[in-house]
Amino acid sequence: MATSASTHELIIQASWARCREHGLQAQCAPDFDCLSSAELSSLLERQQALLRLTRDEVLPQYAHLLGNASYLVMLGDASGCLLEAWGTRRFVDPQQAQGFVAGARWCEQRVGTNALGTALVCGEPIHVAQDEHFLRQNRYMASAAAPLFDAERRLIGVLDVASDGYLPAAQTLGLVRMMGQSLENRLILAQQGDQHCRLLFNSGPDSLDSPWAGLLLFDDRGRVLAANQRADSLLGRDPLRHSLEQLFQIPLRQLLAHPEGQPFALHASGRNRLHCQWHAPRSASRPRASSSDPRVDKALAQASLLLEKDIPLLVQGETGVGKEVFVQALHRASSRAGQPLVAVNCAAIPAELVESELFGYDKGAFTGAHHKGNPGLIRKADQGILFLDEIGDMPLATQARLLRVLQSRSIQPLGSGEPVAVDIRVVSASNRDLAAEVQAGRFRQDLYYRIAGLVVSLPPLRERSDQRQLIEQLHARHREPGQPQRLSDDVMTLLLCHPWPGNLRQLSSVMQVALALAGTQPISAEHLPEALLAPPARPLEPAPTRLTSAAPGDLASLLRSSDGNVSSLARALGISRTTLYKRLREQGIEPDNRPVDGQRC
Ligand SMILES: Nc1ncnc2c1ncn2[C@@H]1O[C@H](COP(=O)(O)OP(=O)(O)OP(=O)(O)O)[C@@H](O)[C@H]1O
């Protein structure tokens, strides 16, 4: 919750009052009461997990937000003892250098009002501006700090960003809160995430992977074992030890019926609609990404294997087949799941900005450059996966520069002499035939070979054998609580028989519109677009593959709705009568032998 200006003033005044009670005077020198080296090494030993998570998982994600400012990120334990500080000490008053090394204690009692020590006393994030420090000697710096809590809500430490005050207060406070929340989430997952399912939820469907999402871990009876603080504010109560059924009024089995990792809507009791996503335990042997369609499943298995071996992947397929969703599934199942997946849509970035957005620039590199510089998207993907979507649209000059980055595994931001090493896995995607683009001279051949270690072709929706599951998944995902849970057989049949030129994207949008039109009624034909009801003017695909996904009931029902007329059904499905007869027989359906269209069947 944001602290208002007046509340902030009261917190500072209360802290100054405590300082006076402790006998401090403004002119006193801070007493950091540093630990002995033996005490320090035993403390560091005990705090290894917190240190590792902060250093390896949280800092790399946020360092770029601090740009080139002179700052220190400080991690303290619950007593305010500094465990480690990262960043530059340029702003530190040399007389106080001992306060910024591990073992220094930042307790309010001896150092006066300061963000790290005061946040621990108040139990909430706080920014302390220069003049708000009680001791004059501390008034050269400004910092923000957030206390850290474990899954059981015990205070376990504090994170602080200190600088010379150059960074705006609101930005530093926002950053430290976000880093603190991110660290808290990782601690919860590190402690219990391997054994238990987790539920992420937020007010919007796009922010489920942000540190601000509510996080709950629950056991196999649906009892909440751990929760982050954000979960409290989203639910309006402390969810620990409650059951998911009490919190969301939905039985566990029904919640778990939603496909793992796919967003769906829930109502928290007495609260607004929330967007949720559940995940299976992060067991030591990571669950592999899978699909019910054998072609997609094989593609996922091969791509997962080669990604781990640092072989670049090129994902091809018609627009809307789910290339991006495929890459997200690969990322979730990869050893880099905890690192960023940075998606770059090469078609969406204007040609003149592609280079600076991708490769970054140093401050003052060109007129109009942001004064702090920009690390660029490639550097943001360091340790993680860089996803170059629509790579066929990348300008040729940028292709040459990208090739150099991929060959040298380093990047040279505009206006900088220093190459920076990057550790990235590269996945590209295109809905164009890139090999043909190479032939046509629109795509560099050398880059093609660099990015296409394995070419994965995703089948269009009309050729997938798991259409029924996908339709059910999308229905479950977009359905509001209170809307019917099942699709009628007739609607399922209509959906199964459409050629879906727009693939999963089109199916998803048809489903959303139909659900909105149907309200609390079951979806019926009148809620579907006319194009779905009319026979296709021109068949878009060889129908046998499409029909392989139609269950016997679907074909029988279709045949009934075409009044047993095999010819007109074959036309509607865009297949020959012979093929339709073959499919009908395969499914044990005996069409009437009666004349149709003036012919005898
Ligand atoms: N496996 C899936 N299950 C359910 N919905 C999916 C699946 N894959 C894709 N979708 C839906 O289809 C839409 C399009 O997916 P996505 O953006 O991944 O396609 P794409 O092939 O990358 O498209 P484009 O070629 O236009 O970039 C998404 O919004 C998503 O809702």
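Helices (H or I, at least four residues) and strands (E, at least two) are runs assigned by DSSP and numbered from the N terminus. The model is predicted, and local features need pLDDT of at least 70, side-chain atom pairs count only at pLDDT 80 or more, while totals for chains, interfaces and linings use all residues. Residues are numbered from 1 along each chain as its sequence is written.

**Stop 1: helix 14**

Select residues 396-408, which are helix 14, and find serine 408 within it. Is serine 408 buried or exposed? A residue is buried if 20 or more other C-beta atoms lie within 10 Å of its own, exposed if 12 or fewer, and partly exposed in between, with C-beta atoms placed from the backbone. Serine 408 has 12 other C-beta atoms within 10 Å, so it is exposed.

**Stop 2: the whole chain**

Of its 601 residues, 40% are buried. Two residues are in contact if their C-beta atoms, placed from the backbone, lie within 7 Å. Of the contacts in the protein chain with a separation of 6 or more, 65% are between residues 24 or more positions apart.

**Stop 3: the largest core**

A nonpolar core is a set of buried Ala, Val, Leu, Ile, Met, Phe, Trp, Tyr and Cys residues joined through C-beta atoms within 7 Å. In soluble globular proteins, nonpolar side chains tend to be buried together.

Select Ala145, Leu159 and Val176, the residues with the most contacts inside the largest nonpolar core, which has 74 residues. Helix 6 (residues 169-192) gives the most to this core, with 8 residues. Domain bounds come from an automatic or database domain assignment. Both domain 1 (5-191) and domain 2 (193-279) give residues to this core, so it lies between them.

Keep alanine 145 selected. Not counting residues up to four places away in sequence, alanine 145 touches several residues, including Leu116, Ile126, Leu159 and Val176. Apart from this core lies another, of 67 residues, among them Phe443, Val456, Val566 and Leu580.

**Stop 4: strand 5 and its partners**

Select strand 5 (residues 155-163): 7 of its 9 residues are buried, so it is largely enclosed by the rest of the structure. Two strands pair if DSSP finds at least two bridges between them. Which way do strand 1 (residues 71-77) and strand 5 run? They run antiparallel, joined by 7 bridges. Tyrosine 71 has serine 163 as its bridge partner in strand 5.

Strand 4 and strand 5 form a hairpin with 5 residues between them, and arginine 153 in the turn has a positive phi of about 70 degrees. Most residues other than glycine have a negative phi.

**Stop 5: strand 10**

Move to strand 10 (residues 273-279), which runs antiparallel to strand 6 (residues 197-202) and is joined to it by 5 bridges. Asparagine 202 stands opposite histidine 275 in strand 10. Strand 9 (residues 264-267) also pairs with strand 10, in the antiparallel sense over 4 bridges, and leucine 266 stands opposite leucine 274. Between strand 9 and strand 10 there are 5 residues in a hairpin, where glycine 270 in the turn has a positive phi of about 70 degrees.

Then pick glutamine 195, in the loop between helix 6 and strand 6. Its C-alpha atom is separated by 5.3 Å from that of proline 281, although the two residues are 86 residues apart along the chain.

**Stop 6**

Select helix 11 (residues 323-333), where the buried residues include Phe326, Val327 and Leu330. What covers the buried residues of helix 11? The cover includes helix 10 (294-308), strand 11 (313-316), strand 12 (341-345), strand 13 (385-389) and strand 16 (425-430).

Finally, show the ligand. A residue is near it if its C-beta atom, placed from the backbone, lies within 6 Å. The ligand is surrounded by 16 residues, and the closest are Gly322, Lys323, Glu324, Val325 and Leu504. Helix 11, helix 17 (467-478) and helix 19 (503-518) each supply at least two residues of this shell. Domain 3 (294-457) and domain 4 (465-586) each contribute at least three residues to the shell.
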